[in-house]
Amino acid sequence: MFAVPAHGRADLARVCLSQLRHTCDLLEAEGVHASAVVVADDENLDTARDLGFGWVGRDNRILG
């Protein structure tokens, strides 16, 4: 399980999370359960949902 904090830069986050989805799918194909939880408070949560990841809404402004 990957925990991924995200804040802002939604276009870049979408690319990175899409690559993580691909990695998780490859691991699953090899019998390794892999997924992610995205921690965010912006449109990155929508991306997480779209990619089938779990999510937690939390203010992440202090991460930047």
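Biologist: Which residues of H1 are buried?

Modeller: Buried means under 20% relative accessible area, exposed over 50%, and partly exposed in between (1.4 Å probe, protein chains only). In H1, the buried residues are Ala-10, Ala-13, Leu-17, Leu-20, Arg-21 and Cys-24. These residues cover an arc of only 110 degrees around the axis, so they are on the same side of H1. The arc is taken from the directions from the helix axis to the C-beta atoms. On the other side of H1, Asp-11, Val-15 and Ala-29 are exposed.

Biologist: What kind of model is this, and how are residues numbered?

Modeller: It is a predicted model, in which local features need pLDDT of at least 70 and side-chain atom pairs count only at pLDDT 80 or more, while totals for chains, interfaces and linings use all residues. Residues are numbered from 1 along each chain as its sequence is written, and side-chain values use heavy atoms, with hydrogens and water left out.

Biologist: What do the buried residues of H1 pack against?

Modeller: Contact means heavy atoms within 4.5 Å. The buried residues of H1 pack against strand S1 (2-5), S2 and helix H2 (44-50). Helices (H or I, at least four residues) and strands (E, at least two) are DSSP runs, numbered from the N terminus.

Biologist: How many salt bridges does the structure hold?

Modeller: Side chains of opposite charge can pair when their charged atoms come close. A salt bridge here is a side-chain nitrogen of Lys or Arg within 4 Å of a carboxyl oxygen of Asp or Glu. The structure holds four.

Biologist: Which residue forms a salt bridge with Arg-21?

Modeller: Asp-25 does, with the closest N and O atoms 3.1 Å apart. Arg-21 is buried at 17% relative accessibility, whereas Asp-25 is partly exposed at 38%.

Biologist: Where in the structure do Arg-49 and Asp-46 lie?

Modeller: Both are in helix H2, three residues apart, about one turn of the helix. Salt bridges that share partners join Asp-11, Arg-14 and Glu-43 into one network.
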